[in-house]
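Please open the model in your viewer with the selection panel at hand.

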Amino acid sequence: MTAVDDVNDAPALVSLTLSFRPQATQIGPLRTLLADLCKPHVADADGLSRLLLAAHELLENIVKYSVGEVAEFHLRLEAKATGLLVRLRTKNRAAPERMADARWRLDALAAARDPIAHYDELIRESAGQRDVSGLGLARIPAESEMALFYATEQDWLILTAEGKASERVSQ
Amino acid sequence: MSELHLTAVGGEGFQVTPTLVDFNLRLVFTGSGDMNATAVVHEYLKLVHEEALRIGLSQVSCDFKQLTFMNSSCFKSFVVWIDTVKNSEIRYQIAFLTNPNLPWQRRSLEALRRLAANLVTIETIA
């Protein structure tokens with residue numbers, strides 16, 4: 001695993017890019033690292049909790065579904081006049097069937113007017129589908145209050161979650 | 001009253017411990033409900049439902065005071081459990097006891113309450 005500063009962007013409070021072979025055992029330590037990096041800057045516990053939830057679901061998504069050896073995770077925390085903005089991004093290669101499923105889910109999410117109502121609907125539907133979760137990505141806008149976008153480059157899936165981590169920055 | 005046939009489960013990083021008082025079953029969750037806990041939670045909640053029907057429980061309380069996180073797969077196991085109780089001829093109440101210092105809990109559990117508002121309650125414990 002390598003960690004480097006993202007030097008191409010404007011100055012940020014935290015900017016972290018990881019390029020690694022994703023494994024389930026890494027998620028807990030990564031959450032702890034992200035919490036340690038962001039906690040000094042995020043003024044409220046709810047904001048940090050939302051950020052970590054989104055990061056966790058994105059990390060699990062690449063652990064579960066990436067093919068190939070390397071995946072990427074990026075975090076950027078930036079102070080703006082309107083508050084503390086966070087951007088999380090993952091990039092991983094995906095099998096064709098997974099790519100199709102992800103596109104279908106993310107397009108439905110983008111089309112939903114109300115992310116919480118959409119999440120509730122998915123929860124009701126998933127209750128009868130015992131072997132499939134399918135809730136992880138929808139949980140991000142519903143519970144983290146972040147916008148979720150995706151892009152594809154051949155067999156690479158790029159997910160970006162963006163939102164306000166806090167109204168104010170810790171002094 | 002019948003003896004409880006459930007035992008504590010889990011390992012390093014995640015545990016569930018049951019206690020039966022009268023007809024109320026209390027499940028104390030500790031640690032992080034992540035990918036390593038998913039199968040444990042899924043199977044355990046099936047057993048909880050079987051026990052609830054066997055004993056005739058009136059309520060199951062899930063104490064999340066020491067549960068630091070729950071991923072979407074563990075969350076899904078609670079969705080399935082609640083849906084099972086909702087569609088069961090014999091029903092019991094499900095209470096979630098939350099830690100106010102862990103804000104994700106209220107956000108996540110509100111979604112479960114909306115799934116079955118007549119079965120699920122959320123309480124904050126100090």
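Select B:Ala116, which counts as partly exposed because 17 C-beta neighbours lie inside 10 Å; on this scale a residue with 20 or more other C-beta atoms within 10 Å of its own is buried, one with 12 or fewer is exposed, and one in between is partly exposed, the C-beta atoms being placed from the backbone. This is a predicted model, in which local features need pLDDT of at least 70 and side-chain atom pairs count only at pLDDT 80 or more, while totals for chains, interfaces and linings use all residues. Residues are numbered from 1 along each chain as its sequence is written, and chains are lettered from A and ligands numbered from 1 in the order in which they are written.

B:Ala116 lies in the loop that links helix H3 (104-115) to strand E6 (120-124) of chain B, where helices (H or I, at least four residues) and strands (E, at least two) are DSSP runs numbered from the N terminus.

Next, move to B:Ser108, in helix H3 of chain B. Is B:Ser108 buried or exposed? With 23 C-beta neighbours inside 10 Å, B:Ser108 counts as buried. Not counting residues up to four places away in sequence, B:Ser108 touches B:Met70 and B:Phe75 as well as A:Glu143 of the other chain. B:Asp34 is 74 residues away from B:Ser108 along the chain, and the C-alpha atoms of the two are separated by 14 Å.

Now show chain B as a cartoon and colour the elements, of which there are 3 helices and 6 strands, following the pattern β-β-β-α-β-α-β-α-β along the sequence. Chain B has a radius of gyration of 13 Å, close to the 14 Å that the globule rule gives for 126 residues, so it is as compact as a globular protein of that length; the radius is taken over C-alpha atoms, and the rule is 2.2 Å times the number of residues to the power 0.38. The C-alpha trace spans about 35 × 30 × 25 Å along the principal axes of chain B, and buried residues make up 38% of the 126 residues. Among the contacts in chain B between residues at least 6 apart in sequence, 72% join residues at least 24 apart.

Colour by pLDDT (the predictor's confidence in each residue, from 0 to 100) and chain B shows a mean of 95, with 99% of its residues at 70 or more. Within chain B, confidence is lowest in strand E1 (residues 9-11), at a mean of 92, and highest in strand E5 (residues 93-98), at 98. The model as a whole scores ipTM 0.92 and pTM 0.92.

Turn to the contact between the two chains, which takes 23 residues from chain A and 21 residues from chain B. On the side of chain A, helix H1 (27-38), helix H2 (45-65), helix H4 (115-126) and helix H5 (136-144) each supply at least two residues, and the largest share, 8 residues, comes from H2(A). The residues on that side divide into 9 nonpolar, 6 polar and 8 charged, where Ala, Val, Leu, Ile, Met, Phe, Trp, Tyr, Cys and Pro count as nonpolar, Asp, Glu, Lys and Arg as charged, and the others, Gly among them, as polar.

Finally, select chain A, whose secondary structure comes to 5 helices and 6 strands. Its radius of gyration is 16 Å, which agrees with the value near 16 Å that a compact globule of 171 residues would have, and 35% of those 171 residues count as buried. The mean pLDDT of chain A is 90, and 92% of its residues reach 70 or more. End at residues 1-8 of chain A, over which pLDDT stays under 50 and for which the model has 11 contacts beyond four places in sequence.

Conventions:
Contact = placed C-beta atoms within 7 Å.
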